[in-house]
Structures are given as structure tokens and as C-alpha cells.
Amino acid sequence: MARGRNSHGGGGGALLACNRAIERQDDYKKNIKTLHIRTKQLAEALRSDGRIAEVLNAESEDGVADDFLSSTHNRLKAIAEVNAKRMYEIEYFVDSVKEVRTKVENENQGDAEEDEGNDNDAPDYERSIHDTMDRIRHERESDPSRAAPEDHDLSRELREALGEKVPKKKSRPSRGGDDDEDDLEIVHNRTDDITSLKCPVTGLLFENPVRNKVCGHTYDRAGLAQLLNNRKYNCPIPGCSNKSLSLSQVEEDEEMILKVKRYKVRVEAEKRKRELEDDEDMEGEGGGFTVLE
């Protein structure tokens, strides 16, 4: 009995494996994104103009704090560059799998069949992916337009979190603007500003924030649902050119979740501090007792 190339265990099995690998690309990147978020949080806490730096400069000998902060900043930037390289490797892998998948699909379109007794070796798809990935890596890394790891978005975000001035990238369609603004420099805003922690649709503090993978903007899932229910498909951020909002465009915004959580913890701590100060004031005025005569 002849066996077709698309039968179970042949090209069909290779196609299934390729599709699964491609579908999981977001899973591959998730751990890197989580590590990046944690690294950014540490960078924000260790800014040269931050509270920790202020305390270190006040308590340490001349130059010691600056040396510590400089060394720590360099280590954080090195972590971001490693994360950028890992992101590139995932992209190389996924693109190589897509190429091999296309090759398998083309092979399966043929009508040729193998005899049952044919002992020819099956195609080595794993080797094909490996060789294709090597070729893609070489092509991409030889491309002068490719951003180096230190200029990757992850590295730029980390440097912004440290408070460094970062040259503005070419304006993206999602933000609008003219190319004349390319030479402008931007400084990362301090985090946890209350306005940035509110949904642009509902105006309320984020409860279930989701980030748009197309334009990079964040909304609360309830706010996005409100827009879609009203048949509004434009991103609500002024100047954004994304006019095709959909649930498939968004993913959970882990960084915003952590920012909101940190904001709530800080607000609660400030509230407790005020309550303690009020109690101390009351004790100072009369020990907290009312004397009746």
C-alpha cells in the first residue's frame, strides 16, 4: 500500500509541529518580557535623580554612591541587551520554521507517492530549520538597518527608565508626527503618575489592563469592550492611526498591572502614615483622654 507524503507521521506531522511552534511564539517571549518588566522597575528605583540615589549620596563617602549606581546601571543595561538578543533569536527561529513549513506544504502538494517497501530516509526537517535559522541570522545581522541590541526597544526602554536621554526613533504610524522630529530627545516620565494609571476610555484606575500589540497603547479590558460594543474601532489615544481595534490585537499588560499594584501599596502606606501622625498629634494634645469634672 502506498503512503502519501501528507499521511500521519510524514509531512503532515512536520506541518503540525511547525504550526505549534509558530503559534507559541508569544509564549516564548513572555518570560523575556516579564524579566524586562522587573528590570525596568529596578532601573526606575535606581535612577540617578531618585530617592535611593539621594539617600546613598547622603550616607556614603564621596564618589562611592556614584560608582555603585554607575556599575548597577551598566549591569541593568547589559541585561536589557541580552534580552534583546534573545528576542532576536526567537524571531530567527519562528521565521525559519515558517520557511520550512512553506517547503513542506509545497512538497505535500505533489502527487508523488512512495512504495510501501521504499526505505528512503524521511526529510530531516530539524536540520532544515537549523540551517535556515543560521542563514536568517547571518542575513539579519549583516543588515545595516537592523537595530543593534543596545538600540533595541528593550534597551531603549531600560535606559529611559534610568532617566537617560534617548534619541527619539523615527515616528511610527501609531503616533503620527513628522520625520523632522527624529533628532529630538525624550526623557522617560516618572512612573506611577495617576493619569497614566487610568484607562483612556473609562477614566478609572486600571483593573484589567491590556496592551495593544499593534500601536502599543493600553486600555482597560472593560473600556475596550465598551468601544467595540459601540462599534468604535479607532484607538482612543489622540494621534494614533490604529483604526482597526479588535480583541485579537491586545494582550495582558503585566507592566501596568504591577504599576497599579505599586501605586495602591504606596497610597495605602501614605494613608497609614497620616493616621499615625494624627494619633500622635492627639496624644500630644491631651494623651488621648478627656477629663470630666
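This is a predicted model: local features need pLDDT of at least 70, side-chain atom pairs count only at pLDDT 80 or more; totals for chains, interfaces and linings use all residues.
Side chains of opposite charge can pair when their charged atoms come close. The structure holds 17 salt bridges. One of them joins Glu 44 and Arg 262, with 3.3 Å between the closest N and O atoms. Glu 44 belongs to helix α2 (residues 25-45) and Arg 262 to helix α8 (residues 254-286), so the bridge ties together parts that are 218 residues apart in sequence. Glu 44 has a relative accessibility of 8% and is buried, because the cut-off for burial is under 20%. Arg 262, at 27%, is partly exposed.

A second salt bridge connects Arg 135 with Glu 99, at an N to O distance of 2.4 Å. This pair also links distant parts of the chain. Arg 135 sits in helix α5 (residues 125-141), Glu 99 in helix α4 (residues 64-108), and 36 residues separate them. Arg 135 is partly exposed, with a relative accessible area of 35%. Glu 99 is partly exposed at 37%.

Arg 127 and Asp 131 both lie in helix α5. They are 4 residues apart, about one turn of the helix. Their side chains meet at 3.3 Å, N to O. The relative accessibility of Arg 127 is 44%, which counts as partly exposed. Asp 131 is likewise partly exposed, at 41%. Elsewhere, salt bridges with shared partners join Lys 40, Glu 157, Glu 255 and Lys 259 into one network.

The model also contains an open sheet of 3 strands. Strands of a sheet pair through backbone hydrogen bonds, either parallel or antiparallel. Here the pairing is antiparallel, and the strand order is β4-β3-β5. The edges are formed by β4 (218-220) and β5 (250-252). Each edge strand has a single partner, so one of its sides is left without a neighbour in the sheet. On average, neighbouring strands are turned by 40 degrees against each other, direction ignored.

Strand β3 covers residues 209-212. Its antiparallel pairing with β4 extends over 3 bridges. Within this pairing, Pro 209 stands opposite Asp 220 of β4.

A helix accompanies the sheet. Helix α7 (residues 221-229) lies across β3, β4 and β5. It runs at about 85 degrees to β4.

Definitions and conventions. Residues are numbered from 1 along each chain as its sequence is written. Side-chain values use heavy atoms; hydrogens and water are left out. A salt bridge is a side-chain nitrogen of Lys or Arg within 4 Å of a carboxyl oxygen of Asp or Glu. Helices (H or I, at least four residues) and strands (E, at least two) are DSSP runs, numbered from the N terminus. Buried means under 20% relative accessible area, exposed over 50%, partly exposed in between (1.4 Å probe, protein chains only). Two strands pair if DSSP finds at least two bridges between them. Axes are lines fitted to C-alpha atoms, for helices over the stretch in contact, and angles run from 0 to 180 degrees between N-to-C directions. Contact means heavy atoms within 4.5 Å.
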